[in-house]
Amino acid sequence: MSCRVLPYYLPPTLLLRQLMALITISSSTGWRISRRWIRSLRRLLKVSAGATHYGCFGYAVHPVYEVTSMCNLRCMHCHARGGKPHPDELNTEMAKSLIENLTTVKDFRMLVFTGGEPLVRRDIFELTEHAVNLGFNVVYATNATLIDRDKARKMDRIGVLGVAVSIDSLNPKKHDEFRGVNGAWKRCLEGIRNVLDFGLYLQINITASKLNYDEIPDLIRFADKLGAHVILLYNFVSSGRGELHSDLELSLDEYLNLVKTTAKIQSEVELVIAPVALPWYYAYLISKSKVPVEIVKNWVTGCIAARGMFYIKPNGDVWPCAFLPIKAGNVAYEKAIDIWNSEIFKKIRDRENLKGACKCCKYREVCGGCRSRAYISTGDPFAEDPTCGITTS
C-alpha cells in the first residue's frame, strides 16, 4: 500500500483534459471563464485533482466516502436514508485505514466526505486531517446547517478545500419541507456565508423535482450570485428515501426542457452547471459543438458510474454510483485497486455491454445513459436509459 496520493498535476495530460472540457462547455453554450475562476484557480485545480473527464457529478475520477448515515435533517430524496447511524459504521481507526487503502488507486487525488451529514460524525476533523496528510484534496458534501464560524475556521485550518451545499428552493418554507426540518434554509445560508468568509470553494447542489421545477433558472442564478463555482444539478432519482416519493420525478418533456434551459442559462452565469442522473445533457452539448464525438470523448464521459465514481458506504461497501446499489466489494477488507478493477466495474465501464438504444447511439461514449435509472426501471444496469430525450431534441 503506497499510503501517499500522487500530486494532482501528474500526469500533465490531466490539466489538458480539464482545459478541453471547459473549452467544450464554452463552445457549446457561450460560457466564458470569469474573474471568479481566475481568482480561485489554484483551489479549483486541487478540487478537480485527478479529473480525467467532465460528466455527471462534475469531474471524474474521485472516491466519495459516506462516512455516516446519521443526519440532522430528513430529506425526502435522500438515497442514504439519512437519520440513524449505519449498524456497521466503521470506527475511527478502520475509517483511517480505509482512507489509506484508497491511495492504492493512483487516479484518486480528491476525496469527498458525505453522509448523511458528515459533520455529525465526531471524528470528522480527525479523518479529514488524516486524508489531507496522505495528500488527498478534501471536500465536504454537507447541508451546511452545522457550519458555524468556528467550524468554518477549523475546516480552513486543517485543509478542507470547500463544500458542496444543497439548496432546493428560494422559498424557505418549501426548502424546509423538502429537507424535513424547520429552519434548515436559514441555517444553510448562514453556513454558506461562514464558508465564504474563509475563502473556501463553494459548490451548490440542486435536486430538480416536481416541487421546484419552475424555480430551477432562478435557483441557478441565485447560486451564481452567492459566488458558487459549480452547480451539480441533480435530477430526482427514486432511490433510498426517494422511493417513497417517486411522484416527484420529472416527466420526459420536463427533462428535455430542463436540458435546453440549462444549456441556455450556462451562457449567463459564471459558474459551471453539471447535471447529475441526466447524462444525455452532455450529448446535447456535444451536438451543439463543432468538435467530433470521436475526439471529445477523450474528456467528456456523461455517466461516471464505475468510470469516475467510487461510492463508499459507511460499512465500507463500494457501489459504482451513489444511486446504483450494486456491491462491487468492501474497501474495509479488500484493496481499493482490486475493487476499482473488479469485474462489475469493468463491465459497466465498457459501453459495448449497453443494451437497446444506448448501445447503438452515436453519443454512447460521451453519455452512456444513466445506469442508475436503467437499474431502477428494469433491474438491469446495462439497459437503455428510460429518460433519454436526445433522440427527440
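Visitor: Which residues does Ile204 touch, not counting residues up to four places away in sequence?
Guide: The model is predicted, with local features needing pLDDT of at least 70, side-chain atom pairs counting only at pLDDT 80 or more, and totals for chains, interfaces and linings using all residues. Residues are numbered from 1 along each chain as its sequence is written, and side-chain values use heavy atoms, without hydrogens and water. Contact means heavy atoms within 4.5 Å. On that basis Ile204 touches Val165, Ile167, Ile192, Ala223, Leu226, Ala228, Val230, Ile231 and Leu232.

Visitor: How many residues are in the largest nonpolar core?
Guide: A nonpolar core is a set of buried Ala, Val, Leu, Ile, Met, Phe, Trp, Tyr and Cys residues joined through side-chain atoms within 4.5 Å. Buried means under 20% relative accessible area, exposed over 50%, and partly exposed in between, with a 1.4 Å probe and protein chains only. Phe113, Tyr140, Ile204 and Phe310 have the most contacts inside the largest core, and its residue count is 127.

Visitor: Which element gives the most to this core?
Guide: Helices (H or I, at least four residues) and strands (E, at least two) are DSSP runs, numbered from the N terminus. The element that gives the most supplies seven residues, and it is α11.

Visitor: At roughly what angle do the axes of α10 and α11 cross?
Guide: Axes are lines fitted to C-alpha atoms, for helices over the stretch in contact, and angles run from 0 to 180 degrees between N-to-C directions. The axes of α10 (residues 252-266) and α11 (residues 280-288) come within 10 Å and cross at roughly 50°.

Visitor: Which residues of α10 and α11 make the contact?
Guide: The residues of this contact divide into eight nonpolar, one polar and one charged. Those from α11 are Trp280, Tyr281, Tyr284 and Leu285, and those from α10 are Tyr255, Leu256, Val259, Lys260, Thr262 and Ala263.

Visitor: Is Leu14 buried or exposed?
Guide: Leu14 lies in helix α1. Leu14 touches Tyr8, Gly50, Ala51, Thr52 and Arg109, not counting residues up to four places away in sequence. Because its relative accessibility is 5%, Leu14 counts as buried.

Key. Ala, Val, Leu, Ile, Met, Phe, Trp, Tyr, Cys and Pro count as nonpolar, Asp, Glu, Lys and Arg as charged, and the others, Gly among them, as polar.
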